[in-house]
Amino acid sequence: MTFRKSILPLVAILPLPFLVAGCAITSVTPSAATAGLGMHGAVHGGQQPISGAHVYLLAAGSSGYGNPSVSLLDAATTGNSDSVGAYALTGADGSWTISGAYTCTPNSQVYLYAQGGDPGAGANSAAGLMAVLGTCPGSGTFASAVPFVSINEVTTVAAAYAMSGFAVDALHVSSSGTALALTGIANAFANANNLVDLASGAALTVTPNGNGAVPTAQINLLANIAAECINSTRPNSAKCSALLGDATSDGTVSGTMPTDTASALINIAHNPGANVAALFNLPSPSSPFSPSVSSLPNDFTLSLAFTGAGMHAPTSIAFDAAGNAWVTNQGSDTLTVLTSLGVPIAGSPFSSNGVSSPLQVAIDTQGNAWVANGGSSAVSEFTAAGSPVSGSPFSLTNSDTPGALALDTFGNVWVASPISSDVTKLASGGGASMITGHGIAAPYGVSIDSSGNAWIANLGSN
């Protein structure tokens, strides 16, 4: 999914496109937290181990967008802390270990951040690397799910793009704390696992479910760009200055310059079309990650391409409150429903219930999906689980081939029928009314404004 503030600059692509500066962090012990078990891993810049790096365990905040992440480690146990929080220190081989020195609130979103250290050419405070651990399990530990974590440039790209809709920089990742926001950030963090294998630190070629193609070369290109700075001698080296100067908060010279490579990658995810040529030319011929992109890309958007799951000539897409994607398949008379990870939900694709050459889908406030069927004169309604709603399909008397629909805040369904040049309003309490005239001519689009008015796009007129 493209994860920008909602990009997920990670853009997922179905057979049609479905688009994936440091401050001090507040160190708190989350309420209702449980002590975590140990985990370990290694930090590398390219293929070089980074010694002396500070490895922080952080949770996304939930007190508002732009607020600091939360430090989870206990300084008394680790024996190391600074203005960011407690940390584990990497050894000469880049290895690190976190014992039971942290608390983890179930359902919070957790990631690792490694800062500074020496990759072999000298200490470099601009080296910033991340790895997404994801949702804290009910047991309060990641030890069984991810016993070994590689933290490198590839895991950082995956983390930066997955969390970019909720991140200002590597130390400010947060949501508003509402139920929908918490669902959104959980879905976003989970998508990092669609891009990278945490144990090896290598970009995937297909998603874990097997139905999504991963942009491996593009991920490696971004990783190679970051590696040029990480493996340089100092923050003001030529390669670090070039990267940090081109990856500002808004992609322009007037934007805020990041202080580390992880924040730089978050900024690139926010501004994927900025300074593309300059960034593309940073990696050297001996860059550590391959395969990579060999020619100048149009931008640095990352996309996942999902296929199968019954998708055939998809015509429209809508998202429910859980982040599931509902896709109409005109070519197979079905409705495909994918989770935010691109995995089909149970029973998908859905057929029958009057689905015939479906052209558009919309989700109402109850989470039900409404489908305009171009192959009939009816509208179908499904529950969030894909079951037909009682009374569905609903016939549109005297209308022909509904092509578009929209839902207003009162629960009414507005259906445009281009063949019969009319609009039908299905009332939430039952009953239907047909609207003709008023300039309506082969209506192909309908949308509702904030006042509840319906706007109709007429293919048959101007």
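Which residues does Ala378 touch, not counting residues up to four places away in sequence? They are Val371, Asn373, Pro393, Phe394, Ser395, Leu396 and Pro402. Contact means heavy atoms within 4.5 Å.

## Basis of the model

This is a predicted model, in which local features need pLDDT of at least 70, side-chain atom pairs count only at pLDDT 80 or more, and totals for chains, interfaces and linings use all residues. Residues are numbered from 1 along each chain as its sequence is written, and side-chain values use heavy atoms, with hydrogens and water left out.

## Overall build

The protein has 7 helices and 32 strands. Both are DSSP runs, numbered from the N terminus: helices are H or I with at least four residues, strands are E with at least two. The radius of gyration is 25 Å, close to the 23 Å that the globule rule gives for 462 residues, so the protein is as compact as a globular protein of that length. That radius is taken over C-alpha atoms, and the rule is 2.2 Å times the number of residues to the power 0.38. The C-alpha trace spans about 75 × 50 × 40 Å along its principal axes.

## Surface and charge

Of the 462 residues, 52% count as buried. Buried means under 20% relative accessible area, exposed means over 50%, and partly exposed lies in between (1.4 Å probe, protein chains only). The protein exposes about 17,500 Å², and carbon and sulfur atoms supply 55% of that area. Accessible areas come from the Shrake-Rupley method with a 1.4 Å probe; for residues, only the protein chains shown count as cover.

There are 5 positive and 20 negative side chains. The centres of the two sets lie 10 Å apart. Lys and Arg count as positive, Asp and Glu as negative; His and the chain ends are not counted. Each charge is placed at NZ of Lys, CZ of Arg, CG of Asp or CD of Glu.

## Helix α3

Helix α3 covers residues 179–190 and has 12 residues. From first C-alpha to last it reaches 17 Å, close to the 16 Å expected at 1.5 Å a residue. The expected span is 1.5 Å times one less than the number of residues.

Its buried residues are Ala181, Ile185, Asn187, Ala188 and Phe189. Their cover includes β11 (109–115), β12 (128–135), α2 (153–163) and β15 (172–173).

Ala378 is found in strand β25 (residues 378–382). At 11% relative accessibility, Ala378 counts as buried. Phe394, one of its contacts, is 16 residues apart from Ala378 along the chain, yet their C-alpha atoms are separated by 5.3 Å.

Glu228 is found in helix α4 (residues 216–230). Glu228 also counts as buried, at 14% relative accessibility. Leaving aside neighbours within four places in sequence, Glu228 is in contact with Lys239, Leu282, Pro283, Ser284 and Ser287. The C-alpha atoms of Glu228 and Leu243 are separated by 8.5 Å, with the two residues 15 apart along the chain.

## Backbone exceptions

Most residues other than glycine have a negative phi, and most peptide bonds are trans. The bond from Ser290 to Pro291 is cis, with omega near 0°. Pro291 sits in the loop between α7 (276–280) and β19 (302–306). The bond from Ser348 to Pro349 is cis too, with omega near 5°. Pro349 belongs to the loop between β22 (334–338) and β23 (358–363).

Asn107 has a positive phi, near 80°. Asn107 is found in the loop between β10 (103–104) and β11, and is exposed at 63% relative accessible area. Ala309 has a positive phi near 55°, in the loop between β19 and β20 (314–319).
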